[in-house]
Structure formats: structure tokens, C-alpha cells
Amino acid sequence: MIKMRIETKAIKEAATTPRSAVSNCKATACALALLLGGGLTALAAGTDNRAPEVPAGIAVTGPNEVHFHGFGVGVQIYTWNGVSWGGPTPRATLFDDDGNIVATHFAGPRWKSNSGSIVLGGVVQPTVIVDTNSIPWVKLEALTTEGPGIFADTKFIQRVNTTGGKAPAADGTFIGQVASVPYTADYFFYRQTNN
């Protein structure tokens with residue numbers, strides 16, 4: 001009897017829930033599925049400051065060490081230009097090892113911490129395709145940093161352990177069509193050391 005009441009309540013709530021809320025729930029469910037499907041490396045984010053094992057092309061060398069590691073969950077946004085989906089724009093949230101939201105990732109590419117620091121990165125070639133079903137692993141050089149916080153004095157960023165995020169395989173149906181493709185990635189932020 002109680003189970004039937006709960007199911008009835010859920011059906012009524014679903015019937016009165018706005019479409020945007022349903023879409024948000026679907027996006028969240030998809031991101032969580034990617035998180036669980038891509039392994040639980042997210043739970044090791046934040047305080048584990050060991051550099052990841054990566055292909056030589058995207059290794060950070062010299063007197064630099066990891067000062068922050070966050071797990072990103074979000075979307076890569078593509079726009080159809082009539083010929084291709086063009087370059088992606090990220091929109092993601094970074095989590096620490098306790099599951100706390102610590103930063104946002106957006107166009108630029110930029111990362112903004114809750115403490116107010118911002119870093120703008122530029123991709124250092126080459127990028128590395130580790131999984132043909134996912135966006136490449138990349139090394140970025142910090143072009144600018146602003147404000148105090150976890151991104152202050154960042155020199156390099158690595159995006160590794162990616163899942164999803166690739167442009168749609170099918171052509172768009174009209175110019176300006178937008179596709180938001182869910183993805184996850186580990187982000188490692190490096191500072192220069194005095195060693």
C-alpha cells in the first residue's frame with residue numbers, strides 16, 4: 001500500500017514537472033552514468049597531488065608539480081556551421097575528493113575556483129587520443145591567472161582520463177544547431193617549484 005502511494009505520488013510529480021526540469025534531470029543522470037561508467041577516479045580528486053602517467057607528448061616536465069587535481073563532469077558544446085561541428089566549448093563542474101564543487105570550467109578554456117582565482121589555458125600540441133570514443137588528452141599552458149586561490153600561479157593544466165565529449169557523428173540539420181555532449185575528465189593543475 002505504501003509502495004503504491006509512493007509510485008502514485010511520483011507519477012503525479014512527473015506529470016506536473018516542467019520540461020526544463022526533466023531535461024536537467026536527464027542531463028544529470030547522463031553525467032552520473034558517465035561518471036560511474038568511466039571509473040571512480042573522481043573520488044581520488046583534490047588532494048592526491050601525484051602527476052598522472054601520461055604519454056610523453058603531454059607530460060609536464062621541469063620544476064613543476066601538481067598542486068590541484070579535480071574531476072570534471074559536464075558537456076562539450078558543438079555548433080554546426082554547415083560543414084562541420086566546429087571546435088567545442090566546455091561547460092563543466094570540477095569536484096574535489098570529497099565530492100565538493102570547487103570550480104567551473106568554461107569557454108576560453110578557463111577554470112574559475114570558488115575562491116575567485118581564474119586560469120586561462122592554451123593547448124600545447126600535440127594532443128593525444130587514448131580512447132577513440134572520447135575527446136583527446138591534452139596539455140595546456142596557463143596563459144594568464146587572476147586572483148588568489150587554487151589556480152593562482154598555475155603554469156600547466158592536463159586533461160586526462162576522458163570519457164565522452166566527442167562531436168556528433170552525424171551532420172547537423174541546420175546552421176547554428178547546438179549539440180551538448182556529456183563528458184568527464186581528470187584535470188591536473190601544476191605550479192612551478194623552487195627545486
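Gln158 of strand 7 stands opposite Phe188 in strand 8, and Lys139 in turn stands opposite Gln158. The model is predicted, so to speak of a local feature requires pLDDT of at least 70 and a side-chain atom pair counts only at pLDDT 80 or more, while totals for chains, interfaces and linings use all residues. Residues are numbered from 1 along each chain as its sequence is written, and side-chain values use heavy atoms, without hydrogens and water.

Strands here are DSSP runs of E with at least two residues, numbered from the N terminus, and two of them pair if DSSP finds at least two bridges between them. In this sense 8 strands close into an antiparallel barrel in the order 1-2-3-4-5-6-7-8.

| Strands | Bridges |
|---|---|
| strand 4 (residues 110-113) and strand 5 (residues 118-128) | 3 bridges |
| strand 6 (residues 137-146) and strand 7 | 4 bridges |
| strand 7 and strand 8 (residues 178-192) | 8 bridges |

Of the 11 residues in strand 7 (residues 154-164), 9 are buried, a term for under 20% relative accessible area with a 1.4 Å probe and protein chains only.

The structure holds 6 aromatic pairs, counted where ring centres of Phe, Tyr or Trp (its six-membered ring) lie within 6.5 Å, with planes under 30 degrees apart called stacked, over 60 edge-to-face and the rest tilted. The ring centres of Phe68 and Phe189 are 5.9 Å apart with planes at 40°, so this pair is tilted. Trp111 and Phe189, with centres 5.7 Å apart and planes at 85°, form an edge-to-face pair. Both Trp111 and Phe189 are buried.

Conventions. Buried means under 20% relative accessible area, exposed over 50%, partly exposed in between (1.4 Å probe, protein chains only).
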